[in-house]
Amino acid sequence: MTTALITGATAGIGAEFARQLAARGIDLVLVARTAARLEEVAAELRSRHGVGVETIAADLFEESGVAAVERRVRDDAHPIDLLVNNAGHGLVTDFAASPLDDEVRHLDLHVGVPLRLTHAVMQGMLARGRGRIVLISSVAAFTPRGSYGAAKAWGVSFARWANLRYRGRGVSVTAVAPGFTRTEFHERMGVATTGVPGPLWLDVRDLVRLALRDIDRGRSVSIPTLRYKVIAGLARVLPARVAAAGSLAPND
């Protein structure tokens, strides 16, 4: 039976990956900070889909939390066949005004943690000759959008290289780069989204369905929906000042 490990698995994109993978009959290892919420989600998925669901309550801002997840993905007796690096958060403060510790933690969550987990799972996957690794990036990776866009650009760049390097050995690496998606992500950031046009919003179910299609095909980068493919393409050729327009503002 295939097993998938998902970080940030109790809400938003991570939770939807868990639902759609469970519907395929894939066993799950769910990682999030809150044990009670993890158990609630796990119980629902076990009941609805009859899959095995492990939980790891781990704060990925803490070394002990990352180390706990690393140990699990290195467990060759119970191998991870699909790793979904989804955990993330945003910063709304201007970079120059942002506390340095916040910026470092932000960078580590989006780059350091997925790098460590990918490295930890890769050896076993290569030895077995199969595996899939997913990095949840953002369409912001293609635009000048502060430290968030810069951190997300790492996932796209790394996936392009790693997929080229390892796909021939049975291990694919895919960066998923969604646009605005209806989850609680922006609310948690404390930013206003009222200025975002309706057609730019993605339904999380459609997003994950399209992403899984690209992951199944072993693509290095998945940009769900044609409209965001066009936006990402334009961002590469437009002047930086134009591509950077429309950043979200904090709520009052």
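Strand β5 (131–136) and helix α7 (204–216) each supply at least two residues of the lining of the second largest pocket. Helices (H or I, at least four residues) and strands (E, at least two) are DSSP runs, numbered from the N terminus. A pocket, on a 1 Å grid over the protein atoms alone, is an open set of points where a 1.4 Å probe fits, with protein on both sides within 12 Å along at least five of seven lines; lining residues have an atom within 4 Å of a point.

This is a predicted model, in which local features need pLDDT of at least 70 and side-chain atom pairs count only at pLDDT 80 or more, while totals for chains, interfaces and linings use all residues. Residues are numbered from 1 along each chain as its sequence is written, and side-chain values use heavy atoms, without hydrogens and water.

Which element gives the most to this lining? Helix α7 does, with three residues. The lining includes Arg 24, Asp 81, Arg 130 and Asp 216.

Let us turn to the sheet. Seven strands form an open sheet in the order β3-β2-β1-β4-β5-β6-β8, with parallel pairing; two strands pair if DSSP finds at least two bridges between them. At the edges are β3 (53–57) and β8 (221–222), each pairing on one side only. Further in, β4 (residues 82–85) pairs with β5 in the parallel sense over four bridges. Asn 85 stands opposite Leu 135 in β5.
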